[in-house]
Amino acid sequence: MNILVTGGIGYIGSHVVKQLSENKDLKIVVIDDLINNNFSTVNTLEKLFLKENFEFIKLNLNDFEEVEKIFKKYSFFAIFHFAAYTQVIESMKEPIKYYENNTLNTLNLVKLSLKYKVNKFIFSSTAAVYGNVHKQLIEENEVCNPINVYGKSKLLSEEIIRDSAKANKDFKFIILRYFNVAGASLDNSLGEIHEPETHLIPLVAQTVLGKREKVQIYGDTYPTEDGTCIRDYIHIEDLASAHIQALEYLKEGNDSDIFNCGYGYGFSVKQIIEMMQKVSNVRFNIEVVEKREGEPTVLVANSNKIKNKFAWSPKYNDLELICKTALNWEKKLMSISK
Ligand SMILES: NC(=O)c1ccc[n+]([C@@H]2O[C@H](COP(=O)([O-])OP(=O)(O)OC[C@H]3O[C@@H](n4cnc5c(N)ncnc54)[C@H](O)[C@@H]3O)[C@@H](O)[C@H]2O)c1
Ligand SMILES: O=c1ccn([C@@H]2O[C@H](COP(=O)(O)OP(=O)(O)O[C@H]3O[C@H](CO)[C@H](O)[C@H](O)[C@H]3O)[C@@H](O)[C@H]2O)c(=O)[nH]1
């Protein structure tokens with residue numbers, strides 16, 4: 001069974017590919033343009049597979065002709081579509097870049113899926129599609145009102161996928177709306193590599209290790225207990241296993257659906273910093289700076305739906321473990337780069 005994974009060398013895609021490697025009946029074809037220069041991840045993943053079960057193709061999805069050749073060559077059973085740009089601030093400054101990569105390239109993949117009858121489409125969406133929801137826990141049927149271009153580019157992709165499924169009854173999708181993904185694989189073989197890094201947990205880990213001078217808190221006057229924003233941090237291994245379950249769910253003949261991926265409780269920026277201080281036993285400099293543009297105050301998932309409909313029960317919903325694995329991974333990256 002051939003499976004296409006776009007963005008399979010990235011942070012989340014690589015963990016999913018690793019878990020997919022446990023099923024020896026699958027051939028995984030990864031398309032990735034290596035925008036974060038994570039060549040080492042290609043080697044790590046290649047080692048997990050028999051030669052005939054894995055193929056890495058360095059290609060940009062905007063090369064529609066080449067992408068179509070790949071669809072023609074393999075009759076894909078399913079697609080996991082991770083490839084995207086993911087930086088909220090950049091998306092506000094360069095909207096076209098985001099609509100092209102995140103929306104237009106998704107449209108092309110859906111078009112090719114319909115043409116080549118690839119009927120299982122698993123899409124990486126984001127909690128950023130919700131915008132500022134004034135509820136403690138966000139359900140999937142909440143009205144989506146994204147407040148940044150990144151979130152809008154993903155919501156438009158969702159609509160393309162949903163409308164295509166409405167019009168083509170064989171085409172099924174699972175949209176996974178990830179909350180804040182964090183941590184590294186427990187065996188420390190894979191982790192987060194972003195160029196530049198913008199996510200809070202790896203930035204704090206890099207500060208612990210002396211790679212950065214200080215941690216900046218983007219605003220401490222939000223209407224929360226300690227004034228900093230709250231997010232629902234999900235461990236990467238649990239998020240990856242949700243994808244394996246999504247594929248199973250479609251294989252069992254279930255209908256298309258949308259699922260939040262989070263644990264259902266949130267931590268503030270200050271709580272993350274405190275936990276990193278605890279696990280590392282290192283004090284570091286902290287500076288409160290301006291709020292970031294396009295920043296929701298609280299994003300926490302109601303995760304009942306995924307827990308009830310998938311055979312998914314999170315194993316690593318432990319902030320200490322998330323911070324420890326993130327820190328171990330940053331240590332490894334630093335020792336390699338020395
Ligand atoms: N990391 C998070 O917290 C988070 C949260 C919500 C949603 N997401 C979504 O999850 C997906 C994966 O995120 P990630 O953190 O692993 O990002 P990442 O940057 O680590 O991985 C994305 C991968 O896609 C590739 N890529 C991007 N555009 C491409 C293109 N046009 N052609 C070929 N390859 C391309 C990159 O080279 C990269 O390897 C994205 O769709 C993102 O929007 C991530
Ligand atoms: O140096 C930093 C970095 C972040 N933050 C704060 O920490 C929180 C988490 O920020 P991240 O940048 O780690 O993550 P975001 O919540 O901005 O965004 C992430 O989660 C979103 C969904 O919740 C989207 O999916 C998006 O792709 C993904 O980057 C935010 O309140 C942010 O303001 C800081 O205070 N200082």
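1. A residue is near a molecule if its C-beta atom, placed from the backbone, lies within 6 Å of that molecule. On that basis 27 residues surround ligand 1 in this predicted model. G7, G10, Y11, A83 and A84 are the closest. By class, the shell holds 12 nonpolar, 13 polar and two charged residues.

2. Which elements supply at least two residues each to the shell around ligand 1? They are α1 (11-20), β2 (27-32), α5 (95-115), β5 (120-126) and β7. Helix α1 gives the most, with three residues. That helix is mostly covered, with nine of its 10 residues buried. Among the buried ones are Y11, I12, G13 and S14, and also K18. Y11 therefore counts as buried under the rule of 20 or more other C-beta atoms within 10 Å.

3. Ligand 2 has a shell of 21 residues. T126, A127, H199, L200 and C229 are the closest. Two elements give two or more residues here, α7 (200-208) and β8 (214-218). The largest share is three residues, from β8. The shell divides into 12 nonpolar, six polar and three charged residues. Both domains take part: domain 1 and domain 2 each provide at least three residues of this shell.

4. Now the domains themselves. Domain 1 covers 2-182 + 233-261, and domain 2 covers 200-231 + 264-337.

5. The contact between the domains involves 29 residues of domain 1 and 27 residues of domain 2. On the domain 1 side, the elements with two or more residues are α4 (88-93), β7 (180-182), β10 (233-235), α8 (236-251) and β11 (257-261). Helix α8 gives the most to that side, seven residues. By class, this side has 16 nonpolar, nine polar and four charged residues. Strand β7 also supplies residues to the shell around ligand 1.

6. Look next at A326, in helix α11 (residues 319-337). Is A326 buried or exposed? A326 counts as buried because it has 29 C-beta neighbours inside 10 Å. Leaving out residues up to four places away in sequence, A326 touches A182, G183, A184, I201, P202 and A205. A205 is 121 residues away along the chain, yet the two C-alpha atoms are separated by 6.9 Å.

7. One open sheet deserves a check. It has three strands in the order β12-β9-β14, with mixed pairing. β12 (267-268) and β14 (298-299) stand at the edges with a single partner strand each, so one side of each has no neighbour in the sheet. Strand β9 (residues 230-231) and β14 run parallel and are joined by two bridges. Within that pair, I230 stands opposite V298 in β14.

8. Most residues other than glycine have a negative phi, and most peptide bonds are trans. The peptide bond from E195 to P196 is cis, with omega near -5°. P196 sits in the loop between β7 and α7.

9. Two positive phi values also stand out. L34 is not a glycine, but its phi is about 55°. L34 lies in the loop between β2 and α2 (39-46). L34 counts as partly exposed because it has 15 C-beta neighbours inside 10 Å. N281 has a phi near 60°, again positive in a residue other than glycine. N281 belongs to the loop between α9 (269-280) and β13 (285-289). With 7 C-beta neighbours inside 10 Å, N281 counts as exposed.

10. Last, the chain as a whole. The protein chain has 11 helices and 14 strands. Its C-alpha trace spans about 55 × 45 × 40 Å along the principal axes. How does the radius of gyration sit against the value for a compact globule? A compact globule with 338 residues would have a radius near 20 Å, and the 19 Å of the protein chain agrees. Buried residues make up 46% of the 338 residues. Among contacts with a separation of 6 or more, 83% join residues 24 or more positions apart.

Technical notes:
Residues are numbered from 1 along each chain as its sequence is written. Chains are lettered from A and ligands numbered from 1 in the order in which they are written. This is a predicted model: local features need pLDDT of at least 70, side-chain atom pairs count only at pLDDT 80 or more; totals for chains, interfaces and linings use all residues. Domain bounds come from an automatic or database domain assignment. Two residues are in contact if their C-beta atoms, placed from the backbone, lie within 7 Å. Helices (H or I, at least four residues) and strands (E, at least two) are DSSP runs, numbered from the N terminus. Ala, Val, Leu, Ile, Met, Phe, Trp, Tyr, Cys and Pro count as nonpolar, Asp, Glu, Lys and Arg as charged, and the others, Gly among them, as polar. A residue is buried if 20 or more other C-beta atoms lie within 10 Å of its own, exposed if 12 or fewer, and partly exposed in between; C-beta atoms are placed from the backbone. Two strands pair if DSSP finds at least two bridges between them. The radius of gyration is taken over C-alpha atoms; the globule rule is 2.2 Å times the number of residues to the power 0.38.
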